[in-house]
Amino acid sequence: MVVIGAGITGTLVALELVDHGFEVVVLDRRGCRPWQHCGEHRHTQYEIDELLVDLTEVYGEETAHTAYQECARGIDLVGKRADQLGLASCFRRSPSVFIASKVKDLPVLRAELDARRSAGFDVRWLEPDDLSRRWGLTGRGAIESAHGGSVDPYLLTHAGLASIVGRGARVHDRTSATSFESTSRTVRVATDQARR
């Protein structure tokens, strides 16, 4: 199996494939040498680019709920993977907040709150005073979601890459996939590097 990209997503995919016994090659056009542990955590959240109310309108409630629930499950999987790699400090649970900055956004955000509750999410409404007191932020109102987290993406990525290499996978940085050919049984990927 070929995974394109050695960032956190590609690394998590490669770890899953190696766990299931696949031979894996990871390609990345950038350098992916181990960085120093930067100690900075990046927030992970289940929200995607489209609001749940908008997805429901286009795809129906069941599909929209599934999309959001699977994104939430992804946060749990990142935490589980960090634990498996022995990186307890790499991931921590934390809530998130989605703010209405203008009065005209309040009806949509309140509808979003109801949609998320309907999908099974632990969410609550924050009035402006609550938002300021709890988060030190200014807004007309907000949705606070209990399900979220933060991760050190550099540490998790490089520990994950080291883990798959230790189990026989190959990682080629500074290598771009230039083309591919597929049949019903195989995919051949060409790169800009000589065969290694």
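Which residue of β7 does Val123 stand opposite? In this predicted model, in which local features need pLDDT of at least 70, side-chain atom pairs count only at pLDDT 80 or more, and totals for chains, interfaces and linings use all residues, Val123 stands opposite Ser145 in β7. Residues are numbered from 1 along each chain as its sequence is written, and side-chain values use heavy atoms, with hydrogens and water left out.

Helices (H or I, at least four residues) and strands (E, at least two) are DSSP runs, numbered from the N terminus. Strands of a sheet pair through backbone hydrogen bonds, either parallel or antiparallel. Two strands are counted as paired if DSSP finds at least two bridges between them.

Axes are lines fitted to C-alpha atoms, for helices over the stretch in contact, and angles run from 0 to 180 degrees between N-to-C directions. Contact here means heavy atoms within 4.5 Å.

Strand β7 (residues 141-145) pairs with β6 in the antiparallel sense over 4 bridges. Leu126 stands opposite Ala142 in β7. The antiparallel pairing of β5 and β7 extends over 5 bridges, and Ala100 stands opposite Gly141 in β7. Because 5 of the 5 residues of β7 are buried, this strand is largely enclosed by the rest of the structure. Both of its faces are covered, with Gly141, Ile143 and Ser145 buried on one side and Ala142 and Glu144 buried on the other. Buried means under 20% relative accessible area, exposed over 50%, and partly exposed in between (1.4 Å probe, protein chains only).

A further open sheet of 3 strands has the order β3-β8-β4, again with antiparallel pairing. β3 and β4 (91-93) stand at the edges with a single partner strand each, so one side of each is left without a neighbour in the sheet. Neighbouring strands of this sheet are turned by 25 degrees against each other on average, direction ignored. β3 pairs with strand β8 (residues 149-151) in the antiparallel sense over 3 bridges, and His43 stands opposite Ser150 in β8. Helix α3 lies across β3, β4 and β8 and runs at about 135 degrees to β4.

The second largest pocket has a volume of about 480 Å³. Of the 22 residues that line this pocket, Leu12, Gly74, Ile75, Leu77 and Val78 are the closest to its centre. The elements giving two or more residues to the lining are α1 (8-19), β3 (42-44) and α3 (61-84), and α3 gives the most, with 8 residues. The lining divides into 11 nonpolar, 5 polar and 6 charged residues. Ala, Val, Leu, Ile, Met, Phe, Trp, Tyr, Cys and Pro count as nonpolar, Asp, Glu, Lys and Arg as charged, and the others, Gly among them, as polar. On a 1 Å grid over the protein atoms alone, a pocket is an open set of points where a 1.4 Å probe fits, with protein on both sides within 12 Å along at least five of seven lines, and lining residues have an atom within 4 Å of a point. Grid points are joined across faces, edges and corners, and a volume is the space filled by probe spheres set on the points.
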